[in-house]
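This report describes selected local features of one structure. The sequence and the coordinates are shown first, and the description follows.

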Amino acid sequence: MNKKFFIRTYGCQMNVNDSELVSAILADSGFEKVENIEKADIVLFNSCTVRQHAEDRVIGRITQEGGRKDSDNLPVIGLLGCVAQRIGDKLLKNIDALDFAVGTDQYRKLPALIKEVLQKKKRATLVEQDNKEVYGDIKPLRRQGPNAFVTIMRGCNNFCTYCVVPYVRGRERSRELDKILEEIEIAGQNGFKDVTLLGQNVNSYHYKNQKFADLLNKAADIKTIKRLRFVTSHPKDLSCKVIDTMASKKKICKSIHLPLQSGSDKILDKMNRKYDFSHYRKLIRKLRSAMPQIAITTDVMVGFPGETESDFMYTQHALDSIRFDYSFTFKYSPRKGTKAANFKNQVEEDVRLQRLQKLIDLQNSITHEKYKEKIGDVATVYVEQVSKKDENELSGRTEDNKIAVFPGDKELIGSFVNIKITGATGWTLLGKKIA
Ligand code: SAH
Ligand code: SF4
C-alpha cells in the first residue's frame with residue numbers, strides 16, 4: 001500500500017511553492033498526498049523562521065502532533081524549510097516527536113530518507129546547503145485553485161541586517177529562462193490563468209544576458225495565461241525598464257509589492273537596504289505616472305534597534321503620504337546570527353507593540369478609504385471559489401489583487417467576470433455582475 005503524506009505550509013508564497021515541489025517529488029516516488037492530516041502516515045511541516053513567532057508556532061505544532069503517534073511511531077513527523085535549515089539538528093535532539101528535518105536545498109533526497117525513517121525507524125537531518133539547487137526540472141504538484149506560483153529564483157544576496165533569509169536560503173541563483181516560460185505555459189494549459197512569479201528579490205533575476213524585464217516581456221506573451229504578477233521587488237533594483245514593461249503589457253497586473261521597511265533614512269541605512277526614502281518616493285511617482293490605477297502594497301517594520309520616536313514618525317508620515325493600498329506591518333524580531341541582533345539600543349517590547357498598533361490603525365483607516373474610493377468602478381474578477389460566508393456568492397480576485405465578492409453561480413469559478421463595485425467591508429470589495 002502507498003504511504004500517505006500530509007503537508008502543512010507556514011510563511012511566504014515561496015514556501016507554498018516549495019511544498020508543491022516537495023509534493024511532486026514525493027508523488028513521483030509513489031507516495032500519496034492526502035488533505036486530511038489524520039489519514040497520513042507522514043506529516044510534514046514546511047516552516048518559516050523569518051520571525052521568532054513563526055518558529056515557535058511550528059515547534060508547538062510538532063509537539064502537539066507527536067501526541068497522536070501510535071505504537072508504530074505513526075505518523076512519522078518531518079520538519080522542512082527554513083526552521084529545519086536553521087536549527088534542524090538541535091530540534092531533532094530536543095523534540096522526541098520529530099523524526100527528521102530537511103533543509104530547503106535537499107528536497108530531492110526526501111523520498112529515500114522517508115523510506116529509511118519508516119523502515120529502519122531511524123531519525124535524521126539533511127540540512128546541507130547547495131547554492132546551485134533551483135529544482136528547475138521539477139513540475140510542482142499545484143494546490144487547488146486558479147492561481148499558480150512559479151519560482152524564478154532562489155536565495156538572496158542582500159543581507160538586510162535584520163533578516164535570516166540569506167543564511168537559511170543561501171545565495172541568490174536564477175532559474176533557466178526557458179524552463180520558467182515552459183512552466184508558465186503548462187500552468188496556463190492546466191487552467192491556472194493567474195500566474196505569480198516568485199523570488200526574494202525578483203528584480204535582480206538574471207540568466208545569461210536576460211534580465212527580469214526580458215523575462216516579464218516574454219512571460220506576458222504566453223497565450224495560455226491571462227494575468228501575470230510578481231513578488232517581491234526590492235526598491236534598490238526596480239528598474240524603469242520593468243516599470244515600462246508593466247505599463248505596456250496588458251496581462252501584467254497593475255499592482256506591485258514594494259517593501260519600504262522604514263520611512264527613516266537613518267534606519268534604512270542601518271538595515272542595509274541601500275536606498276533612502278527619497279529614492280523610494282521617486283519610484284512611487286514613476287509607478288503612478290506610468291500606471292495611474294496601480295495598487296501598491298508594502299512591508300514595514302517597527303522597533304528596529306535604535307528606532308527613536310522621530311524615526312517612527314517618519315514611517316507614519318511615509319504611510320500617510322504614500323497611501324498604500326495595504327501594508328504588512330511587522331514588529332522587529334531579533335534573529336540569531338544576523339547583524340542587527342547584536343546592535344545596541346534594542347527597542348523595548350512594549351514600545352515595539354505600541355508602535356505596531358499605531359501603524360496597524362493608521363494603515364487600516366487608509367485601506368478603508370482606498371477601498372471606498374473603488375465604489376462605482378468596474379472591475380474584472382477572476383472567480384476562485386464559492387464565498388465562505390454565503391453559498392450564493394462567489395469570491396475572486398481583482399486585477400489589483402483585492403478580494404471581491406458578488407452573487408453568482410458556481411459555474412463561473414475559473415472564469416473572468418466584470419462586476420460593478422457597490423460596497424466595501426474590511427478588505428473585501430462587494431459587487432454585482434454586469435453583462
Ligand atoms: N525578500 C523580501 C522579504 C522577505 S521577508 C523583501 O526583501 O522584501 C518578508 C518581510 O518580513 C520583510 O519585508 C520584513 O518586513 C519582514 N521581516 C524580515 N525579517 C524580520 C525580522 N527579523 N523581524 C521582523 N520582521 C522581519
Ligand atoms: Fe531578507 Fe533583505 Fe533578502 Fe528580503 S532582500 S530576503 S529582507 S535579506
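Lysine 121 is exposed, its relative accessible area being 52%. In this predicted model, lysine 121 adopts a positive phi of about 50 degrees although it is not a glycine. It sits in the loop between helix H4 (110-120) and strand E6 (124-126). Asparagine 401 is another residue other than glycine with a positive phi, here near 70 degrees. Its position is the loop between strand E18 (393-398) and strand E19 (403-407), and with a relative accessibility of 37% asparagine 401 counts as partly exposed.

Cis peptide bonds are also found in the chain. One joins leucine 74 to proline 75, with omega near 0 degrees; proline 75 belongs to the loop between helix H2 (52-66) and strand E4 (76-80). The bond from valine 231 to threonine 232 is likewise cis, with omega near 0 degrees, and threonine 232 lies in the loop between strand E13 (227-231) and helix H8 (240-248).

## Helix H11

Helix H11 comprises 14 residues, 309-322, and spans 20 Å from its first C-alpha to its last, close to the 20 Å expected at 1.5 Å a residue. Which residues of H11 are buried? They are Asp311, Phe312, Thr315, Ala318, Leu319 and Ile322. These residues lie on the same side of H11, because they cover an arc of only 110 degrees around the axis. An α-helix has 3.6 residues a turn, so residues three or four places apart point the same way.

The cover over the buried residues of H11 includes helix H9 (265-270), helix H10 (277-290), strand E15 (295-302), strand E16 (326-331) and helix H12 (349-373). Just after H11, arginine 323 takes a positive phi of about 55 degrees.

H12 contains 25 residues and reaches 36 Å from first C-alpha to last, close to the 36 Å expected at 1.5 Å a residue. Its buried residues are Arg352, Arg355, Leu356, Leu359, Leu362, Gln363, Ile366, Thr367, Lys370 and Tyr371. Among the elements that cover them are H10, E15, H11 and E16, together with strand E20 (416-425) and strand E21 (428-433).

Serine 327, in strand E16, is buried, with a relative accessible area of 2%. Its side chain makes a polar contact of 2.6 Å with the side chain of glutamine 363, one of the buried residues of H12. Leaving aside residues up to four places away in sequence, serine 327 touches Thr298, Val300, Leu319 and Gln363. Of these, Leu319 is among the buried residues of H11.

Which residues come nearest to ligand 1? Of the 15 residues around the ligand, these are Arg51, Gln200, Gln261, Asp299 and Ser333. Strands E15 and E16 each supply at least two residues of the shell around ligand 1.

Polar atoms of the protein approach the ligand at several points. An N or O atom in the side chain of glutamine 261 is 2.7 Å from an oxygen atom of ligand 1. Backbone atoms take part as well: a backbone N or O atom of tyrosine 162 lies 3.0 Å from a nitrogen atom of ligand 1, and a polar backbone atom of serine 333 is 2.8 Å from a nitrogen atom of ligand 1. Ligand 1 taken alone exposes 540 Å², and the protein buries 90% of that.

Key
Residues are numbered from 1 along each chain as its sequence is written. Chains are lettered from A and ligands numbered from 1 in the order in which they are written. This is a predicted model: local features need pLDDT of at least 70, side-chain atom pairs count only at pLDDT 80 or more; totals for chains, interfaces and linings use all residues. Side-chain values use heavy atoms; hydrogens and water are left out. Helices (H or I, at least four residues) and strands (E, at least two) are DSSP runs, numbered from the N terminus. The expected span of a helix is 1.5 Å times one less than its number of residues. Buried means under 20% relative accessible area, exposed over 50%, partly exposed in between (1.4 Å probe, protein chains only). The arc is that of the directions from the helix axis to the C-beta atoms. Contact means heavy atoms within 4.5 Å. A residue is near a molecule or strand if one of its heavy atoms lies within 4 Å of it. A polar contact is a pair of N or O atoms within 3.5 Å; within protein, one must be able to donate a hydrogen and the other to accept it, and residues adjacent in sequence count only if both atoms are side-chain atoms. Accessible areas come from the Shrake-Rupley method with a 1.4 Å probe; for residues, only the protein chains shown count as cover.
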